[in-house]
Amino acid sequence: MLRAIEKALNTVTTPVSRLLRHVAGILLLVMTVIVVAQVLFRYVFNVPLSWTDESSRFLMIYMTYLCLPFVYLTDKNIAMTFLTEILEKKAPRIFAAFALVAHIAAILVFLVWIKFGWNFFNTGSVMADSLPIPMYFVYIIPPVMMTVTIVYAVQKSIASIRGILGDFEDVSQTAKTAGLYEGGQQAVESTEEQEESPLVESKTAA
């Protein structure tokens with residue numbers, strides 16, 4: 001039952017996270033072009049552009065939030081993993097229990113973020129300083145992406161519950177998804193080996 005739910009969620013979440021990641025990459029490229037143009041016009045042509053600073057800042061905000069689902073799905077948050085890696089290897093069920101607590105805590109944080117983000121969005125009727133857009137367009141991205149990321153947190157929570165019950169198969173294939181962007185086929189093969197190790201250990205323990 002849990003596998004079926006996780007697999008159903010994954011049919012939507014993984015393609016969406018990849019799409020959002022690609023969009024964020026395009027925004028990063030656009031932001032880079034704008035920043036380079038800003039430097040050229042300011043220091044080479046001595047004609048500073050008024051809109052480049054604000055537009056690049058808005059693009060960075062969008063880029064950051066669009067990457068959040070992919071980062072959450074593939075466990076690519078900034079972290080010190082030397083303890084968690086040992087715990088995951090030696091006591092995978094205990095690790096899964098801690099992961100479940102972390103995902104539940106994340107959902108609660110996201111809910112608070114959505115509430116305050118929506119309140120902030122309601123103040124967005126003012127116009128941007130140098131761009132002809134209302135701040136609604138900037139303030140809407142945090143609550144929207146927090147809502148989307150909650151779905152990913154639920155999916156990861158289901159995977160953690162399965163781990164507590166002794167089912168360690170990566171149904172969502174998050175390791176493969178992350179490996180596609182970290183060195184191609186070799187990374188995918190290494191992640192497959194990592195996926196198999198907890199299964200072998202659980203069978204040995206049984």
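## Exercises: two loop residues and a helix pair

Asn46 sits in the loop between α1 (2-44) and α2. Helices here are DSSP runs (H or I, at least four residues), numbered from the N terminus. The model is predicted: local features need pLDDT of at least 70, and side-chain atom pairs count only at pLDDT 80 or more. Residues are numbered from 1 along each chain as its sequence is written.

**Exercise 1.** Describe the backbone and exposure of Asn46.

Step 1. Take phi: for Asn46 it is near 60°, a positive value in a residue other than glycine.
Step 2. Take the relative accessible area: 63%. Asn46 is therefore exposed (buried is under 20%, exposed over 50%, partly exposed in between; 1.4 Å probe, protein chains only).

**Exercise 2.** Do likewise for Asp75.

Step 1. Locate Asp75: the loop between α2 and α3 (82-90).
Step 2. Phi of Asp75 is near 60°, again positive in a non-glycine residue.
Step 3. The relative accessible area of Asp75 is 49%, so Asp75 is partly exposed.

**Exercise 3.** How do the axes of α2 (residues 52-73) and α6 (residues 141-164) cross?

Step 1. The axes come within 9 Å and cross at roughly 5°. Axes are lines fitted to C-alpha atoms over the stretch in contact, and angles run from 0 to 180 degrees between N-to-C directions.
Step 2. So α2 is roughly parallel to α6 (angles under 35 degrees).
Step 3. List contacts (heavy atoms within 4.5 Å). Among them are Ile61, Tyr65 and Leu68 of α2, and Met145, Tyr152 and Lys156 of α6.
Step 4. Sort by class: 15 nonpolar, two polar and one charged residues. Ala, Val, Leu, Ile, Met, Phe, Trp, Tyr, Cys and Pro count as nonpolar, Asp, Glu, Lys and Arg as charged, the others as polar.

Key:
Heavy atoms only, no water. Parallel < 35°, antiparallel > 145°, perpendicular 65-115°, else oblique.
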